[in-house]
Amino acid sequence: TGAMKQYVVARPLYSEDAFTDEHEKIHRHHKTLRHHVKHCDLKRAKNAALSLLPFIGWMRIYQLKEWLLSDIVSGVSTGLVAVLQGLAYSLLASLPPWYGLFTAFFPVIIYFFLGTSRHISVGAFPVLSLMVGAVVTRLVPDEGPPVNITGFEGLTSDEQRVMVAASVTFLMGIMQLAMGLLQVGFIVMYLSDTLVSGFTTAAAIHILVSQLKFVLGLVVPGLSGPLSIIYTLEKIFVQIEKTNVCDLVTSILIMVVVFIVKEINDRYKAKLPVPIPIEVIMTVIACGVSYMGKESNNISPSQTVRYESPMAPNMQIFGQTAVEAFPMAIVGFAVAFSVAKVYSVKHDYIIDGNQELIAFGASNIIGAAFKSFAASTALSRSAVQESTGGKTQIAGLLSALIVMVVTLAIGFLLEPLPKSVLGAVVIVNLKGMLMQIREVPYLWRRDRPDCVVWVVTCLASILLGLDLGLAVGLGIELLTVVFRAQLGCVYTWSLFYCLYISFQIYEPEGVKIFRIPSPIFFANIDFFRGKLVGFNPLRVLRKRNKALRTIRKLLKKGELQMTSKGLLLTSSGPIEESEDESNMEELDQPTDFKDLPVQVNWNSELPANIQVPRVDVHSLILDFSAVSFLDISALKGLKAALKELIRVEVEVYIVACDEYILEKLHSCKFFDDEVKSSMFFLTLHDAMLHILEKHPVNSENTKRCQTLSWPTSVHSQELV
């Protein structure tokens with residue numbers, strides 16, 4: 001549009017030494033441990049103590065009238081689901097069903113005091129349960145004698161299995177607690193979205209195969225180790241003619257009904273106050289039929305369900321299971337942290353990775369002492385806790401109380417429950433994990449190294465077992481990072497541009513410049529997003545949209561009127577900020593000024609004492625000259641970050657972007673109505689002149705910028 005604009009660059013020819021002589025380098029001074037100790041006061045000591053017991057923080061702001069009813073409804077709903085999933089997932093761990101109820105009780109209580117997430121539901125997780133089951137069946141096989149371990153003498157097979165499960169859980173808890181105390185929560189960054197997707201898909205296939213024997217009513221010994229899935233399928237098909245038709249029909253009927261009702265729950269979740277607990281309903285019906293009919297086929301052993309006295313872990317089992325316990329610790333934490341992160345972003349609060357490790361470590365240690373097995377969280381159960389209105393872990397505490405009531409009061413009714421019913425419930429809940437296989441064609445078209453990671457991780461986890469499969473996946477992932485970093489160097493040199501020569505450059509008021517000195521991928525995208533600007537754009541956007549709700553409300557009531565000077569408050573009474581928690585998703589949408597007589601200047605004084613954080617940055621420049629590649633995780637994270645900034649009226653410009661990366665962004669449908677390709681500029685100087693044209697500053701500074709004689713009073717921020 002219009003004539004092409006030109007500019008002339010005139011500056012001295014600098015060597016490194018000459019430039020250093022002329023411009024003083026700014027050094028960052030790092031505070032020493034001695035400085036921190038010297039300036040440690042009572043307030044800091046109090047904050048450090050409170051960080052170890054996060055529940056005190058949210059209990060102090062607990063809104064009894066607004067939150068308690070929601071937490072009660074959520075706690076009851078989650079408790080019913082937790083009972084059923086506890087029973088079902090204990091089959092994956094090769095343990096009697098009621099030990100799953102212990103896992104839904106003890107770890108939840110400990111997490112209430114130590115955890116930083118307010119919305120996740122702690123308890124059994126199918127992938128983790130299966131990993132426990134692999135250890136249990138290796139040490140105490142279905143056929144043949146158990147491994148020679150001191151402490152097994154005089155115990156039944158089930159008691160030996162409980163000891164193994166509790167001991168490996170205890171060891172897993174020690175590892176998580178140690179990692180938390182050593183502040184290595186960042187380790188989860190090395191599990192990319194692609195790797196976790198491939199791993200959990202493989203786990204879903206393992207779970208499906210493990211439940212076939214219950215659905216078909218066959219006696220198949222539990223196997224573990226490489227190729228165990230092949231041997232299990234062989235043993236199932238060899239005796240397929242012995243299928244118990246009654247079990248098979250019951251399972252298929254339950255799966256069909258549960259699947260249909262869950263689809264209805266998803267489709268009409270906005271209209272349903274609480275999701276229909278169809279799994280609980282079907283299980284109660286099956287329990288009733290079994291109890292009335294006195295069925296004897298595949299009934300769990302007759303024993304009164306009760307809490308048992310604490311048990312010390314077996315040190316010999318520690319030595320036998322250390323190799324399996326470490327991947328369990330990593331997987332359990334990674335899944336819980338990723339789910340917690342989703343809800344912390346949605347509800348605008350902070351979670352601490354290291355404190356989460358401490359919380360889960362303590363939960364698993366104390367839970368194992370009371371004979372529960374490995375605890376993490378399940379996405380489906382956490383979704384129930386959040387979607388039914390849960391505000392805090394009070395809901396989790398109430399769900400644990402529901403589990404306790406079921407265990408103590410009506411536990412005897414669970415005795416005749418056919419395992420085929422629980423197997424059907426497990427299988428129907430695998431839909432989400434199995435459907436991840438649809439990512440493969442997309443990854444193949446858009447990002448082949450990521451596709452290789454997904455496929456290799458999945459196949460290795462299926463054939464070699466989940467622990468070895470995870471190790472293989474991590475190895476392949478690190479190889480792809482090295483490969484792409486090397487490839488990126490080739491692209492960088494072949495498309496060489498002379499950009500700017502100084503890390504100390506002039507930033508006009510309202511402009512921020514970030515130089516990113518490395519590729520952006522799954523391990524650093526969260527760090528990159530956190531350091532982008534000095535504020536949380538999503539939080540600002542939500543504050544603005546809440547303020548708009550309040551302004552619309554006041555205009556409707558007539559307490560706010562449009563005058564020549566703008567919006568004027570006519571009411572003298574106190575104005576309460578809108579606390580409408582409905583339509584939380586709308587708060588994340590761009591600010592919409594329709595139905596308002598004027599657009600709001602967010603940096604000016606707002607009527608009715610409405611407080612919205614100021615945003616002093618109008619333009620952000622990202623220098624991509626050192627970014628040689630982005631993976632799919634980084635691409636998603638970058639787009640989310642750009643959208644958040646654009647929605648709070650910060651213009652984003654990306655400069656010196658590699659041609660290969662631009663092609664990839666186009667092919668991956670990166671651009672839309674908000675994130676546009678017009679934000680990319682050839683060099684930093686082009687982008688700066690464009691910004692100065694849109695946001696003029698005084699003529700002296702403009703002249704300085706146009707001649708590239710950069711003052712050195714302000715330097716660009718750099719991601720290290």
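This report describes a predicted model of a protein chain, from its overall make-up to some of its individual residues.

## The model and its confidence

Residues are numbered from 1 along each chain as its sequence is written. Because the model is predicted, local features need pLDDT of at least 70 and side-chain atom pairs count only at pLDDT 80 or more, while totals for chains, interfaces and linings use all residues, and side-chain values use heavy atoms, with hydrogens and water left out.

The protein chain averages a pLDDT (the predictor's confidence in each residue, from 0 to 100) of 81, and 83% of the residues score at least 70. Where pLDDT is low, the predicted coordinates should not be read in detail.

## The chain as a whole

The protein chain has 28 helices and 9 strands, where helices (H or I, at least four residues) and strands (E, at least two) are DSSP runs numbered from the N terminus. Buried residues make up 50% of the 720 residues; here buried means under 20% relative accessible area, exposed means over 50%, and partly exposed lies in between, with a 1.4 Å probe and protein chains only. Among contacts between residues at least 6 apart in sequence, 84% join residues at least 24 apart.

Strand 6 (residues 619-623) is largely enclosed by the rest of the structure, because 5 of its 5 residues are buried. In a regular strand the side chains alternate between the two faces of the sheet. In strand 6, Ser-619, Ile-621 and Asp-623 point one way, whereas Leu-620 and Leu-622 point the other way.

Strand 6 pairs in the parallel sense with strand 3 (residues 511-515) over 5 bridges, pairing being assigned if DSSP finds at least two bridges between two strands; in this pair, Val-511 stands opposite Ser-619. Strand 6 also runs parallel to strand 7 (residues 651-655), to which 5 bridges join it, and there Leu-622 has Ile-654 as its bridge partner. From strand 6 the chain crosses through helix 25 (residues 632-647) to strand 7 in a right-handed β-α-β crossover, a term which means that, with the strands pointing away from the viewer, the path from the first strand over the helix to the second runs clockwise.

Ser-251 is found in helix 12 (residues 245-267) and is buried, with a relative accessible area of 0%. A polar atom of the Ser-251 side chain lies 2.9 Å from the backbone oxygen of Asp-247. Not counting residues up to four places away in sequence, Ser-251 touches Val-215, Ser-420 and Ala-424.

Helix 16 is followed by Gly-389, whose phi is positive, near 105 degrees.

A positive phi in a residue other than glycine is found at Leu-227, with a value near 65 degrees. Leu-227 lies in the loop between helix 10 (193-216) and helix 11 (228-238), and is partly exposed at 36% relative accessible area. Glu-649, which is also not a glycine, has a positive phi near 65 degrees; Glu-649 is placed in the loop between helix 25 and strand 7 and counts as partly exposed at 46% relative accessibility.

How values were computed. A polar contact is a pair of N or O atoms within 3.5 Å; within protein, one must be able to donate a hydrogen and the other to accept it, and residues adjacent in sequence count only if both atoms are side-chain atoms. Contact means heavy atoms within 4.5 Å.
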